[in-house]
Amino acid sequence: MASLESLAHPAVFPWLCLAMGLCVGSFLNVVIYRLPRIMQRDWEVQCAELRGEKPPEQEPFNLALPRSRCPACAHPITVLQNIPLASYLALGGKCAACGARISPRYPLIEALSGLASAYAAWHFGFGLGAFAAMAFLWCMIALSFIDFDTQLLPDSITLPLVWAGLLLNLAGTFADLGSAVIGAVAGYLSLWSVYWGFRIATGKEGMGFGDFKLLAAVGAWLGWQMLPLVVLASSVVGAIAGVSLMLFARHGRNVPIPFGPYLAVAGVVALFWGKPLTHAYLNLL
């Protein structure tokens, strides 16, 4: 009991969560890179089966196999070369075998996961809320980068996230159960309505179905009361980013911009500061 109390101490718990978050961040790099490719493989197999063809033989490829390796020379990454942040710094950001440059995004995701986990531990204190918040943050990081790379929000993350939010709120972790259920339904239907309204008016698709599920997940975790803040914040940030890309990066108007990262950022803001921000907004009115 004494050891558990020492681990839960406010001066110790965030540091433990920082270390855990760094390790999870290393795994998130694997998820972000491999999950879209696993989905692509599954689609190819399904298409081959529908055509009556035998799927091609391929080496096992999942979140565990094959071992991580350098994309330039296929050199397997050892355990010591896979220590979050430290390995990248020790190697000077280059592959130990061929000297190819390692993308700085890998340590960035590890650092982001670690710092977010430590802040969640400090913000909520030792308990279910802190561990749940860390899981939510890890999912938001993975979904944001996957959507940024591929414009996909995998059901294998968004749908379990919806159910996890509802189960957590059986105990009122972040919202009461009624607010969580309404939040999941309202989150999905709000963007679903925008999607069909835009499609009927223009004949084009303005967003993907993954965005509906992501907002449903946010509503399930935080309750329907947070949805106006999430939708407003994500729309404002998305609009600013879209205009900036067109003005400064010559991003074409017809090139789609993923909306998932903005929803994720707004969901994180609502998780930590949603209630005071909502109260301040209502007081202004």
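Which residues lie nearest the centre of the second largest pocket? They are Ser68, Arg69, Pro71, Ile77 and Tyr106, out of 35 residues that line this pocket. The model is predicted, so to speak of local features pLDDT must be at least 70, and side-chain atom pairs count only at pLDDT 80 or more, while totals for chains, interfaces and linings use all residues. Residues are numbered from 1 along each chain as its sequence is written, and side-chain values use heavy atoms, with hydrogens and water left out.

**The pocket**

The second largest pocket has a volume of about 830 Å³. A pocket here is an open set of points on a 1 Å grid where a 1.4 Å probe fits, with protein on both sides within 12 Å along at least five of seven lines; lining residues have an atom within 4 Å of a point.

Helices are DSSP runs (H or I) of at least four residues, numbered from the N terminus.

**A loop residue**

Phe126 sits in the loop between α4 and α5 (128-150). At 44% relative accessibility, Phe126 is partly exposed (between 20% and 50%, with a 1.4 Å probe and protein chains only). Phe126 and Pro14 are 112 residues apart in sequence, yet 8.8 Å apart in space, C-alpha to C-alpha.

**Two helices together**

The axes of α6 (residues 155-168) and α8 (residues 209-222) come within 7 Å and cross at roughly 20 degrees, so α6 and α8 are roughly parallel (an angle under 35 degrees).

Methods. Grid points are joined across faces, edges and corners, and a volume is the space filled by probe spheres set on the points. Axes are lines fitted to C-alpha atoms, for helices over the stretch in contact, and angles run from 0 to 180 degrees between N-to-C directions. Angles under 35 degrees count as roughly parallel, over 145 as roughly antiparallel, 65 to 115 as roughly perpendicular and the rest as oblique.
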